[in-house]
Amino acid sequence: MIKQHDGEGTTMYKYTGCPACKSKKRHFEERCKEAIKMGVAKPGFLVPLAYGERLVADPALEKLAPLGTEIPTITYATEICKDCGCHYSPMVITGKSKKQLTTGAEQAKQTGKPKIWKPGDPV
Ligand SMILES: [Zn+2]
């Protein structure tokens, strides 16, 4: 396992092999290399089986916390071992996020146009 701190509270954990059989072959990673060879993806292209990021807080308490409160976060990507089929996370990032308001104006700066969220829209 490789552990890297950024000095600002974020830590990246990289696991070089399967925790069950120690193989370094991964299904999605190898498919991405094949896509690059076939010219349908740019060098460095890598998609995982799944990717997620979450705030780690009890929703009932998080909604009562004042703006500026720091909340633990976790981000991960998962893969499938090519030799034994084990699902595992080759990469996990832990950190903190400050609770803040997001306005349409801030979003417009990032995307070029404001987004009006409707019930059922993906976040
Ligand atoms: Zn394995």
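The questions and answers below go through this predicted model and the terms used to describe it.

Residues are numbered from 1 along each chain as its sequence is written. Because the model is predicted, local features need pLDDT of at least 70 and side-chain atom pairs count only at pLDDT 80 or more, while totals for chains, interfaces and linings use all residues.

Q: What makes up the secondary structure of the protein chain, and in which pattern does it follow along the sequence?
A: Helices (H or I, at least four residues) and strands (E, at least two) are DSSP runs, numbered from the N terminus. Counted in this way, the protein chain has three helices and five strands, and read along the sequence they give the pattern β-β-α-β-α-β-β-α.

Q: Why is Phe 28 called partly exposed?
A: Phe 28, which is found in helix H1, has 18 C-beta neighbours inside 10 Å, and so it counts as partly exposed. Across the protein chain, 4% of the 123 residues count as buried.

Q: Which residues is Phe 28 in contact with, leaving aside its neighbours within four places in sequence?
A: Two residues are in contact if their C-beta atoms, placed from the backbone, lie within 7 Å. By this rule Phe 28 is in contact with Val 47, Pro 48, Leu 49, Glu 79 and Ile 80. Phe 28 and Ile 80 are 52 residues apart along the chain, and their C-alpha atoms are separated by 7.1 Å.

Q: How do you know that strand E4 and strand E5 pair?
A: Two strands pair if DSSP finds at least two bridges between them. Strand E4 (residues 70-80) and strand E5 (residues 87-98) have ten bridges, in the antiparallel sense; in E5, the bridge partner of Thr 75 is Ile 93.

Q: What makes strand E1 and strand E3 edge strands?
A: The five strands form an open, antiparallel sheet in the order E1-E2-E5-E4-E3. Strand E1 (2-5) and strand E3 (50-55) each pair on one side only, and these are the edge strands.

Key. Buried ≥ 20, exposed ≤ 12 C-beta atoms within 10 Å, placed from the backbone.
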